[in-house]
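Please consult the sequence and the structure shown below while reading.

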Amino acid sequence: MYGLLFLSIESIVVKEYGRKIWKKVLNYVGLDSESEFSTHTMYENALMLNLAKACSHILKDKLPEDYMCYFGKCFLKFCSTYKYDQILTLSGRYFRDFLHEINNLHETIRFSYPKMISPTFIVEKEDVNGCILSYTSSRKGFIHYVMGQLQECAHIFKVDLTIEVLSVKDALSNGCRVEFKLLFDNWPFTLQKQPINDNLFPEISSDFFFEVFPMSLVIGKDLTIRQVGNNLKFLFGKEDLTKKILSDVFVLRRPLFATFTYEKIIAYQHVIFELECSICSHDSEDGKRVQMLLRGEMKELPGTKLIVFLCVPLIENLEDLQTKGLYLNDLSMIDNSRDMIMVGHQHASNMELTLDQTIRNIKKTSIVKKKAKEYQQASKDLLYSVLPKNICMKLEAGCPIEQTWQTIENVTLMFCSITQYSRFVDINKAKNVKDFVKIICGIFEWIDEIISRFNVFKVETKENDGLCLIAGGLDGNSDNTSDVARCALALVNSNNTSTDKGFDENLTFEIGMDFGSVVAGVVGLKNYQYCLFGDVVNTASRMDHNSLQGRIQVTQQCKQRLNPNEFVTCPRGTIRIKGKGLMPTYWLVGEKKDPNTKEKLRMYWEEFCNNEIVGISKKLRRKTI
């Protein structure tokens, strides 16, 4: 299917439901949300059926069949921008005329869309109340799409139409044949053609007939070829076609029905026929055969039980004409066959140049679109590194700054500071300014690389103090304490000597963690700053300030959030925290699966026990005194 059909679907979905819904629909069918359809690009037939299912699943307001019908209606509305509606209205005076001309309309459109595989429509029975319309297609699943198109066409002709499906049968290789009963006011059916005086042409000889129609075939009721036009004989050389069965010489390309029968041909007299045959190439000495298409009408000769195929060969250019052994005077003078070949030859070089330029422009456009998509994604990644994703989406949607503020429950905060960072800065200040900046950037790039491995968000970096504020749970993740804990352990256990980043000293961290609720949001109209406020921020900062080199200190509520089957903690004891008084705190030792955790835990417990013994001794000494 051509992309034009999918562009119509995109247009109506975006217009009715918005661009966000369309992106969801594309994701549902397995396409990128930024995918774009091209008018003349071919796509899989199943894609339209999947789009209908996607719209039904996401919007939950119609069945997939209803969406297919809706797509069919809106396709004709969309095509008004391409002036196809004018072709419909000029196809005939009445709706019945349009129904008889559908196949010929498809043939006209095929000049613009040569790869189009259009269905066949035949009016089989007709009366003043409507008709029986036969629809044959090489595709399945598009019955409701066709019904939608028929209803919209009836609306264009200002006709009230009711459609009933009478039968559905398999046809062709993977297609179907459907009979529709169309009910409408078909009063033009009663109009009679004005009679013509039969005495005007009492007798027409066969010689005169084949002189007027040199490209023609006469076929008997048994479908044997009775006579061949003189110019058509040149195509087959010495091969005599008379008395041969039509299907032995030709393959039916259009209309779409399985086999030749006399009755079928009579029923399809209003339809363009295409017959394909194989002929010897007149440019080849080894008898190489080439394919030839004959296009025209099948008409029954009254009272004779004979059918005449009035046709023309489909010739692309002068070279093709020569290959097939024809000359310009072999072609009919009463149609535009000669003119099309000559004009096509004169403009071939210009068309080839235009085509090459178009292809180059398409490639350039594709490259530009790809680059634009990459830049757009890079901009989003940059924005998402500064602000949480849900906040970015609100700002992109045009929400005011005030709407970014919210109270978030169950957030884990971690303050991470570099041990003796001020001393490290003083040592390196003596270096060149660029080298010094490179060292500082290298440190925080290394820290960011570690943080990026975990589902946490770096809220703030204070380069002057060597401090980072990292949060988990801003996106609603319930297991955020584990994520922050793993990030903290990765930092304290990392190999922090990196000469390629510009520093060659071992850097260690002091980390503090707390758990609770915060008020969060964007501050300022320019240079957005995402800020957190709440008691948990102050407490996490105190935990960091009172931590020790290479250790992670956590509060009691934070310890309770850690799964004891995954993480190992050890009590530090009760310590005095500025602004908080005495608080019980704990060390995060490591993960249970880490083989080094057991040795660390033994060391931490010894330290705790020694501190407790010292504390008890001091209390006893005070009592004794």
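The text that follows treats the chain as a whole, then its sheets, and finally its cavities.

**Overall composition**

The model is predicted. The protein chain has 625 residues, of which 42% count as buried. Its secondary structure comprises 21 helices and 18 strands. Where contacts link residues at least 6 apart in sequence, 61% of them join residues at least 24 apart.

**The four-stranded sheet**

An open sheet is formed by four strands in the order β1-β2-β4-β3, with antiparallel pairing. Its edge strands are β1 (120-127) and β3 (162-171), each of which pairs on one side only. From one strand to the next, the twist averages 20°. Strand β3 is joined to β4 (residues 175-183) by nine bridges, and the two run antiparallel. Within β4, G175 stands opposite A171.

Two helices lie across this sheet. Helix α6 lies across β1, β2 and β4, and runs at about 165° to β1. Helix α7 lies across β1, β2, β3 and β4, and its angle to β3 is about 145°.

**The six-stranded sheet**

Six strands make up another open sheet, in the order β6-β5-β10-β9-β8-β7, and the pairing is antiparallel. Strands β6 (225-228) and β7 (251-254) stand at the edges with a single partner strand each, so one side of each is left without a neighbour in the sheet. Neighbouring strands here are turned against each other by 35° on average, direction ignored.

At one end of this order, β5 (residues 216-219) pairs with β6 in the antiparallel sense over three bridges. V218 stands opposite Q227, a residue of β6. The loop between β5 and β6 holds L223. This residue has a positive phi of about 65° although it is not a glycine. Is L223 buried or exposed? With a relative accessibility of 10%, L223 counts as buried.

Strand β14 (residues 509-523) is mostly covered, since 12 of its 15 residues are buried.

| Pair | Sense | Bridges | Residues standing opposite |
|---|---|---|---|
| β11 and β14 | antiparallel | 11 bridges | T412 and F515 |
| β14 and β16 | parallel | four bridges | E510 and R551 |
| β14 and β15 | antiparallel | five bridges | G521 and C531 |

Strand β15 covers residues 529-533. The hairpin of β14 and β15 has five residues between the strands, and in this hairpin G524 takes a positive phi near 95°.

Strand β11 (residues 406-418) contains N410. Although N410 is not a glycine, its phi is positive, at about 55°. N410 is partly exposed, with a relative accessible area of 41%.

**Cavities**

How many cavities of 30 Å³ or more does a search of the whole structure find? The search finds two.

The largest cavity has a volume of about 730 Å³. It is lined by 32 residues, and those closest to its centre are F75, H106, I109, M116 and Q149. The elements giving two or more residues to this lining are α1 (3-17), α4 (64-78), α5 (84-89), α6 (95-109), β2 (130-137) and α7 (143-156). Among these contributors are α6, which also lies across β1, β2 and β4, and α7, which lies across β1, β2, β3 and β4.

Strand β16 itself is joined to β14 by four bridges in the parallel sense.

Notes: Residues numbered from 1 in each chain as written. Predicted model: local features only at pLDDT ≥ 70, side-chain atom pairs only at ≥ 80, totals over all residues. Heavy atoms only, no water. Pairing = 2+ DSSP bridges. Axes fitted to C-alpha atoms, helices over the stretch in contact; angles between N-to-C directions. 1 Å grid on protein atoms, 1.4 Å probe; cavity = no way out; pocket = protein on both sides within 12 Å on 5 of 7 lines; lining within 4 Å. Points joined across faces, edges and corners; volume = space filled by probe spheres on them. Buried < 20%, exposed > 50% of the residue type's maximum accessible area, 1.4 Å probe, protein only. Contact = heavy atoms within 4.5 Å.
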